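User: I am new to this structure. Please take a close look at one part of it, the aromatic rings.

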Amino acid sequence: MTLYIGREASKLWKRICAETTTEINLLIENWKYLLAGLVFQYIHGLAARGVHYLHRPGPTLQDLGFILLPELGQDKAYISETLFSFIFLSFVLWSFHPFILKSKKIYTVLLWCRVLAFLVVSQILRIITFYSTQLPGPNYHCREGSKLARLPRPQSVLEVLLINFPRGVVYGCGDLIFSSHMIFTLVFVLTYQKYGTRRFIKQFAWLLAIVQSFLIVASRKHYTVDVVVAWYTVNLVVFFIDKKLPELPDRNSGSSPLLLPVSTKDKDGRTKEENHKLLNGNSDPSDWRPRTQVNGKIMEDGNGVHVDSAMNGA
């Protein structure tokens, strides 16, 4: 038993080391994209903080979701955040599963480059939207009479740049259309829908996205329109951006090398076609004809022309 555990532990460690080496190489090639996506997360938070200074509390707008769904109340508002945290952490853990599990359909670095691209485009559209019109926030801390509903003018630029994290993010107002929680949720679910392998988890993920939508409205964090707009906007963004991005290398085939090149060209500048020519010994791709070898001499097949003219009785 001890021998078996030790052998499996050794295999797991080798798998983690090999995967780490692969991902580090990919990270060296793609770190700029990851860094840009992470920096934009801060910019998005800064924009949400900025619109809070413009927010003016007022009567809660008439909303169909508020009429149909009972209000959870402040004491149960954590349910929505708990579900979102579960979805977020589950996706992060899944994205790193190739380091441990044998099923390796994705490269973690390339997957997150893709996810961040979806998030950035969706968040740009969101920033444009909520700066266009500021609606009175339906959340409890955004209503008239709450000290957090209006932010006093900042005393310094540093106060704005620090965005009072994380309190300033949790208790923001004015960044309504469309829901940021739904952006992350739908991007994660759509990504797993494409690259995940478990059908029941895909179905469960869509169910959680629907439940998350209802909980956001029931906790009065957003109007129903914020959730509805997020559903079709994020789906359209992922649909169109996904077509523009290069597809992830397929790791299912056993012939795939451990580290596939991201670009269509190898590092030495030769294309795959050129490599094919080198492997076949041909200098012209139109001249890929089968060759036969007779007495150590190579001759063309099918036309009777000898490479060495002295072959017949020389």
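How many aromatic pairs does the count come to?

Analyst: The count comes to 15 aromatic pairs. Rings of Phe, Tyr and Trp (its six-membered ring) pair if their centres lie within 6.5 Å; planes under 30 degrees apart are stacked, over 60 edge-to-face, and the rest tilted.

The model is predicted: local features need pLDDT of at least 70, side-chain atom pairs count only at pLDDT 80 or more, and totals for chains, interfaces and linings use all residues. Residues are numbered from 1 along each chain as its sequence is written, and side-chain values use heavy atoms, leaving out hydrogens and water.

Take one pair. Tryptophan 94 and tyrosine 192 sit edge-to-face, 4.9 Å centre to centre, with 75 degrees between the planes. Tryptophan 94 belongs to helix α3 (residues 78–95) and tyrosine 192 to helix α7 (residues 180–195), so the pair ties together parts 98 residues apart in sequence. Helices (H or I, at least four residues) and strands (E, at least two) are DSSP runs, numbered from the N terminus.

Tryptophan 94 counts as buried at 15% relative accessibility. Tyrosine 192 is buried too, at 8%. Buried means under 20% relative accessible area, exposed over 50%, and partly exposed in between (1.4 Å probe, protein chains only).

The pair belongs to a cluster. Ring pairs link Trp94 and Tyr192 with Phe84, Phe88, Phe91, Trp112, Phe184 and Phe188.

Now the setting. The protein has 10 helices and 2 strands. Along the sequence, the pattern reads α-α-α-α-α-α-α-α-α-α-β-β. Of its 314 residues, 39% are buried.
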